[in-house]
Amino acid sequence: MAEPSPPPASNPGLRILLAKDRPPTSSPSTLAAVSSHADRDRIIGVFRNALSRTESPEVFALQAVQEAIKPQKQTVLVLEENQSLENALRRLLQELVSSAVQSGKGIMQYGNSLDSGESNCLITHLLDIMLYLCERGHVEGGMVFQLLEDLTDMSTIKDCKDVFGYIESKQDVLGKQELFGRGKLVMLRTCNQLLRRLSKSNDVVFCGRIIMFLAHFFPLSERSALNIKGVFNTSNETKYEKDATGGISVDFNFYQTLWSLQEHFRNPALTTTNPTKWQKFASNLTVVLNTFEAQPLCDDDGKHNNLEQEEDAAFNIKYLTSSKLMGLELKDASFRRHILVQCLIFFDYLKAPGKSDKEGPSESMKEEIKSCEERVKNLLEMIPPKGKEFLQSIEHILEREKNWVWWKRDGCPAFEKQPFEKKPGGVRKRKPRWRLGNKELAQLWKWAELNPNALTDPDRVRTPSVTEYWKPLADDMDASAGIEEEYHHKNNRVYCWKGLRFSARQDLDGFSRFCEYGIEGVVPTELLPPEVRAKYNSKPGEKAKRPKREDTKGASAQPKEQQVAATPETDGGGSGADQEEGAVPMDSDNVAIEDGQKQSPGEVSGPESGQCEPEDDVDDNVKSEPKDSR
């Protein structure tokens, strides 16, 4: 067979050379391409063999990577090695998905043995291996997220539910800091692509699972999930009939009034700033509330919405707006709750904290909002079943929403606090910790340790002296100050109690005057005005000693001259023994007279000041004189 003649030299780009006609040497790019394909196939072969092993990934995962890549470092791959491994694994995942589709099995069931009942899905096993390697840091942390994104892109909606179930089961591992930082954007993109593919009405539960996963996967302070500006979804338009049709069992005007409320719920900001729209909304809401109040629901109407049978209940995002269904919807407890809860959310937005006077409602609007809100809550409480419990739950949710609004208005500060990192540079000597019984005392000791002059500072807080403490009460006792009686410090029970404690420690003489004169007698006399000081100068605690006989009670009222004449001292002599025999009653009377002279006339009271001495006592005193004289 003759060799083919070369094509004309004018078009060299169309030359096709057979293998034997190729030159012996090839360009470096061609060698690299051949080498990369060969390496990829070899890596795929190594991991296919690894997938057939039933042990846990900890046993063989790192060994499989070392055999497939032959890394420069023993346990960590460099950038080029990570890229080669990722390309090979993405290719292997595509082949496994294709094989699962051809076998007619679900993606997450491909490889399971139906006879033995063992769960050995090849794709799940591959993901477990990569998750282990990423968690330990042997390969790049975002590789497992890339595989999950490819898997969801290649799967149907039915298979995506199983794939997402695997993601939910590994949520704690995927959310670790070493993996989250590398794959959070890939996971966010994966979930958003899934949400775009799902139906808002047929796949409600699956959409809720994705949203709940994102809420748990991302921290609360993640700004990518926050509506910072408070933008409303104005595209959520509720379409209803504008013209009446035949066969309607309810008032068509009420039908239009009820569904027109959705226009205000869709964009509350426009209703607040436009007085005309607000008046229209207020009038329409009043008509709806009047109708609900005029047609209350009984327990039989709420049986199909029993909260104890939530699993069998149907959840709807939006209700049908056909006018023919209006009569049935008015008897539906769930429908009424749907409308009334929207009203509470609308009112809660109008009363949102942190708004300025221009943004917030006017005073007249606030009164209308308050009255309508009370009516709405009463209606929710009356709707069976468990109306009170339902209302309490809604109020709790709205209260939490206010905290959320405040947090966003404050700039979304982070909730997490970074751990304190110790500075390297040797081991510091740990200071002794003084445990003084409670937190306050320990804190006081800490302050004194930081400030050595805290205990010697003249300006520090200290216990006042008695003179300093009683100065306000002494000023109140000055009549020239003109302080009314009800504002005196003596009426302050705490002030008086503390003052008595100070006086008991520092001024026992003043403390002893409390029983006789009350709290004003405890005040030091040097603080009192001159006209008040004389009242408290004497020592009322020293009472006169009197004999035990009852007939000597009036001895203090005896004339002074007679008592002085009867005393042994004025008699001119006598021994000490004789004085002790006959002068004991007379000494007691003298003491009482002297104390009575020191006191002011107004202070002498009681039996000592108003009684006269009996004659028998006088005779006894006179008879005792011859015994005393010598």
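Which residues are buried in helix 5? In this predicted model, the buried residues of helix 5 are Met143, Val144, Phe145, Gln146, Leu147, Leu148, Glu149, Asp150, Leu151 and Thr152, where buried means under 20% relative accessible area, exposed means over 50% and partly exposed covers what lies in between, with a 1.4 Å probe and protein chains only.

## Basis of the model

The model is predicted, so that local features need pLDDT of at least 70 and side-chain atom pairs count only at pLDDT 80 or more, whereas totals for chains, interfaces and linings use all residues. Residues are numbered from 1 along each chain as its sequence is written, and side-chain values use heavy atoms, with hydrogens and water left out.

The protein chain averages a pLDDT of 76, and 70% of its residues score at least 70, pLDDT being the predictor's confidence in each residue on a scale from 0 to 100. Over residues 1-34 pLDDT stays under 50, and the model has four contacts beyond four places in sequence for that stretch; a contact means heavy atoms within 4.5 Å. Over residues 540-630 pLDDT likewise stays under 50, and here the model has 66 contacts beyond four places in sequence.

## The chain as a whole

The secondary structure of the protein chain comes to 28 helices and zero strands, both taken as DSSP runs numbered from the N terminus, with helices being H or I of at least four residues and strands being E of at least two. Of the 630 residues of the chain, 33% count as buried. Among the contacts between residues at least 6 apart in sequence, 68% join residues at least 24 apart.

The chain exposes about 41400 Å², of which carbon and sulfur atoms supply 52%; accessible areas come from the Shrake-Rupley method with a 1.4 Å probe, and for residues only the protein chains shown count as cover.

The axes of helix 4 and helix 5 come within 8 Å and cross at roughly 155°, where axes are lines fitted to C-alpha atoms, for helices over the stretch in contact, and angles run from 0 to 180 degrees between N-to-C directions. Helix 4 and helix 5 are therefore roughly antiparallel to each other, since angles over 145 degrees count as roughly antiparallel, under 35 as roughly parallel, 65 to 115 as roughly perpendicular and the rest as oblique. Helix 4 contributes Ile123, Leu127, Met130, Leu131 and Cys134 to the contact, and helix 5 contributes Met143, Val144, Leu147, Leu148 and Leu151. By class, this contact of helix 4 with helix 5 has ten nonpolar, no polar and no charged residues; Ala, Val, Leu, Ile, Met, Phe, Trp, Tyr, Cys and Pro count as nonpolar, Asp, Glu, Lys and Arg as charged, and the others, Gly among them, as polar.

His138 lies in the loop between helix 4 (122-136) and helix 5 (143-153), and with 13% relative accessibility His138 counts as buried. Leaving aside residues up to four places away in sequence, His138 touches Leu62, Thr75, Val76, Leu77 and Leu133.

## Backbone around helices 15 and 16

Most residues other than glycine have a negative phi, and most peptide bonds are trans. Pro384 and Pro385, however, are joined by a cis peptide bond with omega about -5°, and Pro385 is found in the loop between helix 15 (363-382) and helix 16 (387-409). Lys386 lies in the loop between helix 15 and helix 16, has a positive phi near 55°, and is partly exposed with a relative accessible area of 39%.

Within helix 15 itself is Glu373, which counts as buried at 14% relative accessibility and touches Leu344, Phe347 and Lys351, not counting residues up to four places away in sequence.

Cys412 is placed in the loop between helix 16 and helix 17 (439-450), where it has a positive phi of about 55° although it is not a glycine; at 9% relative accessibility, Cys412 counts as buried.

Arg223, in the loop between helix 9 (204-217) and helix 10 (252-266), is partly exposed, with a relative accessible area of 48%. Although Arg223 and Cys412 are 189 residues apart along the chain, their C-alpha atoms are separated by 7.9 Å. Beyond four places in sequence, Arg223 touches Ile228, Gly411 and Cys412.
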